[in-house]
Amino acid sequence: MLTYLWLIPLAPLAGFLLVGGLGMAGRLREPWVQRLAVAASAASFVLAVAAIVDFAGGLDDERALAAAQPDRYEVSAAGEPARFEITPLRWMPIGDVTLRGWDGQGVRRAAFGVNWTFALDTLTAVMLLVVTGIGTLIHIYSIGYMAGEQGQHRFFAYLNLFMAMMLTLVLAGNLAVLFVGWEGVGLCSYLLIGYYYRQVFDKESGLTCADAGRKAFITNRIGDFGFLLGMLLLLLSFGTWDFSELAAAINGSSAYWYGSVLLTGIGVLLFFGATGKSAQVPLYVWLPDAMAGPTPVSALIHAATMVTAGVYMLARMSALYWHSPGAMFVVAVVGCLTAVLAATMGMAQYDIKKVLAYSTVSQLGYMMLGAGVGAFVAAIFHLVTHAFFKACLFLGSGSVIARCGHTNDMRLYGGLKRWMPTTYWTFLVSTLAIAGLFPLSGFMSKDEILARTLFSFRGSAVLWLFGTLAAVMTSFYMFRAVYMTFHGENRSPDHVREHLRESPPVMTGVLVVLAIGAAGVGLLGVPEGVSRLVGLGNVNWFEHVLHPVVAARGVVAGSAEAHGGEHGAAPAGEAGHGEHAAAQAGASHGEAAPPGGYLVEGMHHPSVAAEAGLFVLAFVVFLTGFLLARWAYGGPEPRAEALAPRLAYLRRLLHRKWFVDELYDRLVIRPYYAVADFFAAVDQRIVDGAVNLSAATAELSGQVLKLFGTGIVRHYALWFMAGAVLIAWMMMR
Amino acid sequence: MSLVAGVVLGAISIQWVAFLVLAVVAIAAALVVVLHRSPVVGAMGLVTNFLCIAGIYVLLNAYFFAALQVIIYAGAVVVLITFVIMLLNLQPEAKGGPGVVPVALAALLGLALIAVVGRPLLEYAAPEAGPPAPDFGTVAQVGEALFTVYFYPFLAVSLALLSAMVGAVLLAKRRLED
Amino acid sequence: MVGDPGPYLLLAAVLFVIGAFGVISRRGAITILMSIELMLNSANLALIAVSRFLPGDGGAGVPDGQVIGFLVLAIAAAEVAVGLAIVIAMFRLRESVDVDLARLLRW
């Protein structure tokens, strides 16, 4: 099956063409639109599963194939983490490029071409399952959610196109293909946010959904500018965009690259692209407005998959980031800042989707924090668990919204538990998961990130402290949403209340599946510390599978001694050992960083007491948020309303999102418009003026010359004769 | 030998006297054509001018061409012009010509042209040419050149004449049909 | 015997200028045609004069000038024919031969 890897993104693309084309032609009735779209998505899921099963069964067959057709197939070497690449199409045979010699090997020409390469390794496999699995579930859910809407073919076609692009992104074997997917999902995001393009979604500012889509698109363009610069710098430095070749080039001369300013610059530029796509500070502002799109879109694109592309990209480029502590530090700080800031904003929203949107931004911040402190596996794990519980939360909110007269305002909900038990229970399970109750998935991933932040060589206690603070707020705002939506008295208008009922099974079924996932998927990656506490040893299957792909490889010169202790001259980059080696080396050096620097990924070895303390602390954090929310919103008369006047200022600050939109308006948008106005004036006055001047000159000379065209033939004869005399004079002179 | 010198030195032959008389009459006749307001008088001036020039051709030993000049110009062309004048019953041109400025400019340009062309003529002393070849100006000589060296221009001109004839017929006839 | 073409050419120049002056200063189409005939004649005069005094076979004089003059003659006849036809057409249209009235080329 592996040789048909390229069919995975092609299946939803075919769905897009069929649904979109036939739908536009009016040849496809509604049920068939839905069936085709779901089938296309499910097909890619089946193909992905088949490919991964094949992949897991070993790559021996493929290795023989690669030997026979080296142009088409490539398989990683025996000692490397398993990786299979297929190049179904040549793409851009660009020819020679001049490398600037920034890699210390001199200025030289190198052949460069971009091919349409798809690659599969365990990281991609995880992403494939998340995208196709959750994507298919959300396709199914959409059948119920979109029931009765006009022109569904547009919606389903875009969803399929999104699937195709997201799969291209995660399957990409080089940066160019990744960028195609990167831009493609951005396009679909734009199209789907503006799906109800005429509808006003923000009554305060009068913005339409189309405006929200535009905001998302433009904000992402800003990030993509940085991303593209990073790509071009990579090209000029290494002469390749192929992930495996890049990793090999960097790991191959680890000592040269470690701490390189160039790599730090590239890393920060690529991360800037990720701040746009993954809604980090400073470019997160588009995501809350992206809630203008239909709720399944919010669940699929703006929670589960597309926005995590930045995290995936960081993990994919982990070789680069491992060699640039500076870039990783930036990632960690930005992630932590985002987590805290978005959590504060989420506490004061009344729009249920905005609460979830800020929650998403905050959770993405956690993922970035994890990537920034070197816990790539934990970051990806959080990506997976988040995909489950946040998709479930969004779809649950969609279920509520659809039944409550299409309003997002939580002040018009209340007591919905009575009418919508399935939605309530699934929503509650997901809330418990995101808030970090012990056996549920959120605890496993989020608290693993926090523990790593505290113990990793690249982490710090300050980042951990803020991360924990954000966790309290997470618990608070989620339970606030639960209380406002499902508990207490119903505040809906009467005509809505009369029709309140549970959503159809096609929606609740998906909710149940996702809730089970949100509860159970965490068991795939029980953190080592936790499992050791309960005496199980390391049962972290997820880490076992994923770690080799994102592990730090290569080593700085001189750090061999740091590893030396027990392993002797063991190859330093060997995955899985690095952590132990570094931990032991760290221990032998009195918890100091190993002399080789931080390239060796590793943690301070936490004591059992510290791990137990963190475990308890996680529960306390969860409980604090829960009790606060219960105290403020749980009672029959919410105390929050009573408190409101005293906290009016703070509430306003948070509700208006720290006035960040206003700040951007003043700092960026207005100056930008001013500059644009200036250049418009230059264009209209000077550039157009020059053109108009030449036109005016021509016209004026014409006006003068036309005086000679009197229409009287004898005058022409006069000029003719004058000319003749002149020529005669010149000849006779 | 320049003109002035010839007069002063008294080397005035009968040809000289004839040339001078013919030249003066030709210029006077030309001025009548250009200046007189009546087209009929102008046509008479034109025929006088043509005849004088025919006389000068005789002085130049171009007897055949002199004959052509009389037959075609003084005969055919002027008769045609006179015929048209009569046909249209043209009256003398009304007063109030084209204005002083163009006329003055034209006169000035004319003088300038004479000056430009005439100055080298006065300064240039051509070598005295001998008597003409015995067959100069005969029909035989001109005819031979016309049908050998100048055959193709001759053909072209005959075509031009043909097309002019057709054109003239068409132009003049179209209005008659109305 | 006049021995060089100078006086003839000078006469031709004077006649040419008079003709040109007539073309520019007169409004009657017939007069303008006659002035053009004057100019063509002066050109012929120059041609014949030069052909008479150029050295040729067995004495002065070559036939070329006369041949070209002959061609000019033919063209002049054609020109008069067409010109007069135009004059007639114009007269039928406007009841006048004043060329200043025909100014459709004006801007």
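This is a predicted model: local features need pLDDT of at least 70, side-chain atom pairs count only at pLDDT 80 or more; totals for chains, interfaces and linings use all residues.
Reader: Let's start where chain B meets chain A: how many residue pairs are in polar contact, both at pLDDT 80 or more?
Author: Residues are numbered from 1 along each chain as its sequence is written, with chains lettered from A and ligands numbered from 1 in the order in which they are written. A polar contact is a pair of N or O atoms within 3.5 Å; within protein, one must be able to donate a hydrogen and the other to accept it, and residues adjacent in sequence count only if both atoms are side-chain atoms. Between chain B and chain A, with both residues at pLDDT 80 or more (pLDDT is the predictor's confidence in each residue, from 0 to 100), the count of such pairs is zero.

Reader: What area is buried between chain B and chain A?
Author: Ten residues of chain B are in contact (heavy atoms within 4.5 Å) with nine residues of chain A. Buried area is the accessible area (1.4 Å probe) that two parts lose on being put together, summed over both. Carbon and sulfur atoms give 86% of it, and the total is about 880 Å².

Reader: And what area do chain C and chain B bury between them?
Author: In this interface, 71 residues of chain C are in contact with 83 residues of chain B. Carbon and sulfur atoms hold 78% of the buried area, which is about 6,900 Å².

Reader: Which element gives the most to the side of chain C that touches chain B?
Author: The rule finds six residue pairs in polar contact across this interface. At least two residues each come from helix H1 (6-25), helix H2 (29-53), strand S2 (59-60) and helix H3 (64-94) of chain C, where helices (H or I, at least four residues) and strands (E, at least two) are DSSP runs, numbered from the N terminus. With 24 residues, the element that gives the most is H3(C).

Reader: Is Ala279(A) buried or exposed?
Author: Ala279(A) sits in the loop between H10 and H11 of chain A, and its phi is near 55 degrees, a positive value in a residue other than glycine. Buried means under 20% relative accessible area, exposed over 50%, partly exposed in between (1.4 Å probe, protein chains only). With a relative accessible area of 0%, Ala279(A) is buried.

Reader: What is the relative accessible area of Asn61(B)?
Author: Asn61(B) lies in the loop between helix H3 (39-59) and helix H4 (63-88) of chain B. Its phi, near 65 degrees, is positive in a residue other than glycine. Asn61(B) is buried, with a relative accessible area of 14%.

Terms used: Side-chain values use heavy atoms; hydrogens and water are left out.
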